[in-house]
Amino acid sequence: AEAVGLYNLGQSCCLNSLLQVFLMNICFTRILRRITVPASPAQRRSNVPYQMLLLLEKMQCGKCKAVGPTELACCLSEHRVKLFVQHDAAQLFLTLWNLLKKQMKKPELVEELSDLYTICIQEHLACQKCSFEIKSNSTMLTLPLPVLDANSHRLKTLEDCLQYFFRPEELSGQNMCFCQQCERKTTFLQSMKLVHLPQTLTLHLKRFCFERSSRTHKLSHPLPFPQELDLREVLTENQCLADDSEKATWQYELFAVVAHSGSTSCGHYCAYIRSLTECKWYCFNDSEVCQVSWDDVKCTYGHSNLYWRETAYLLFYMKKHPQ
């Protein structure tokens, strides 16, 4: 009874796919079940965490093969999330997450939600002429990974994309920065170091490419991603700012894939999710849910010539040995 579909309310496949990824994550639903129920009917109607909890309960009553996320969709539209339009899954994921975080009133739940999803990195800027450097920590919900390098060559694997994301970059020419010590613009080296990784790590494959001609096209070349990902093997020592006990938890297992098919102007999303209780893969395609194999999931690696075919867009990895 655990895999229940969500009816499409009209171009709601993107929302449906993301809701399934949230609600199939036991760590997330554990937090969701502990929210404070808003006092008035109006507050309940406009509270995203509460509406998500109602939807989860409706899905778990086990009577139907699919349920309609109508109340939650209406609630989201109150928060300026448009209905009946095409969404970008990476943007909608961020929007949903921000609404959840803003409306979970208990500080400890907000903290748990952050711990569950946010990535902490340190950005490092070093002047190449003197010893001046600037360090700043920031948190990210997803790692937005390029699938092409600076010369528009295809990156071949997910590991390549991760290494490319963390490679140091020289800021020279028009990109020079002002150095307070040299008192003029100089060449800087910009690098990012990984400080902390969450229980659920979200990777965003930047397959939608915005051209100057203002039309977006999709990069659908093959890009394999592994079932098991060890970030200690992917990144070099100087790309990490973490102690051994933190790094020991950097072993991940693929939990879900949100895949996009069709073209950018006319596309469809579905989600492949590994049930954490049964360890079987399911494909959630709106109201249709079916069990699939790892080979089926691998079909979302991409295809050079068939850009309308299904390609992975968001990857969710789950820690194998959390602390």
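**Terms and model**

Buried means under 20% relative accessible area, exposed means over 50%, and partly exposed lies in between, with a 1.4 Å probe and protein chains only. This is a predicted model: local features need pLDDT of at least 70, side-chain atom pairs count only at pLDDT 80 or more, and totals for chains, interfaces and linings use all residues. Residues are numbered from 1 along each chain as its sequence is written, and side-chain values use heavy atoms, with hydrogens and water left out.

Helices (H or I, at least four residues) and strands (E, at least two) are DSSP runs, numbered from the N terminus.

**Helix α4**

The buried residues of α4 are Val48, Pro49, Tyr50, Gln51, Met52, Leu53, Leu55, Leu56 and Met59. An α-helix has 3.6 residues a turn, so residues three or four places apart point the same way.

Helix α4 covers residues 48-60, and at 1.5 Å a residue its 13 residues should span 18 Å. The expected span is 1.5 Å times one less than the number of residues. The end C-alpha atoms of α4 are 18 Å apart, which agrees.

What caps the N-terminal end of α4? Asn47 does: a side-chain oxygen lies 2.8 Å from the backbone nitrogen of Tyr50. After α4 comes Gly62, with a positive phi near 75°.

Two strands pair if DSSP finds at least two bridges between them. Four strands form an open sheet in the order β4-β3-β9-β6, with antiparallel pairing. The edge strands, β4 (133-140) and β6 (169-171), each pair on one side only. From one strand to the next, the twist averages 30°. Here axes are lines fitted to C-alpha atoms, for helices over the stretch in contact, and angles run from 0 to 180 degrees between N-to-C directions.

Strand β3 (residues 119-127) pairs with strand β9 (residues 188-196) in the antiparallel sense, over eight bridges. Cys120 has His196 in β9 as its bridge partner. β3 and β4 also pair in the antiparallel sense over eight bridges. Ile119 stands opposite Met140 in β4. Five residues lie between β3 and β4, which form a hairpin.

**Aromatic rings**

Rings of Phe, Tyr and Trp (its six-membered ring) pair if their centres lie within 6.5 Å; planes under 30 degrees apart count as stacked, over 60 as edge-to-face and the rest as tilted. A search of the whole structure finds 14 aromatic pairs. Phe22 and Phe28 form a tilted pair, 4.9 Å centre to centre with 45° between the planes. Both Phe22 and Phe28 are buried. Phe225 and Trp294 form an edge-to-face pair, 6.3 Å centre to centre with 80° between the planes. Phe225 lies in the loop between β12 (216-218) and β13 (228-230) and Trp294 in helix α11 (residues 294-298), so the pair ties together parts that are 69 residues apart in sequence. Phe225 counts as buried at 2% relative accessibility, and Trp294 counts as buried at 18%.

Ring pairs also link Phe22, Phe28, Phe93, Trp97, Tyr117 and Phe316 into a cluster.

**Positive phi in loops**

Most residues other than glycine have a negative phi. Arg80 is not a glycine, yet its phi is positive, near 65°. Arg80 sits in the loop between α5 (70-78) and α6 (89-103). Is Arg80 buried or exposed? Arg80 is exposed, with a relative accessible area of 78%.

Ser152 also has a positive phi, of about 65°. Its loop runs between β5 (143-146) and α8 (158-165). Ser152 is exposed, with a relative accessible area of 53%.

How values were computed. A polar contact is a pair of N or O atoms within 3.5 Å; within protein, one must be able to donate a hydrogen and the other to accept it, and residues adjacent in sequence count only if both atoms are side-chain atoms.
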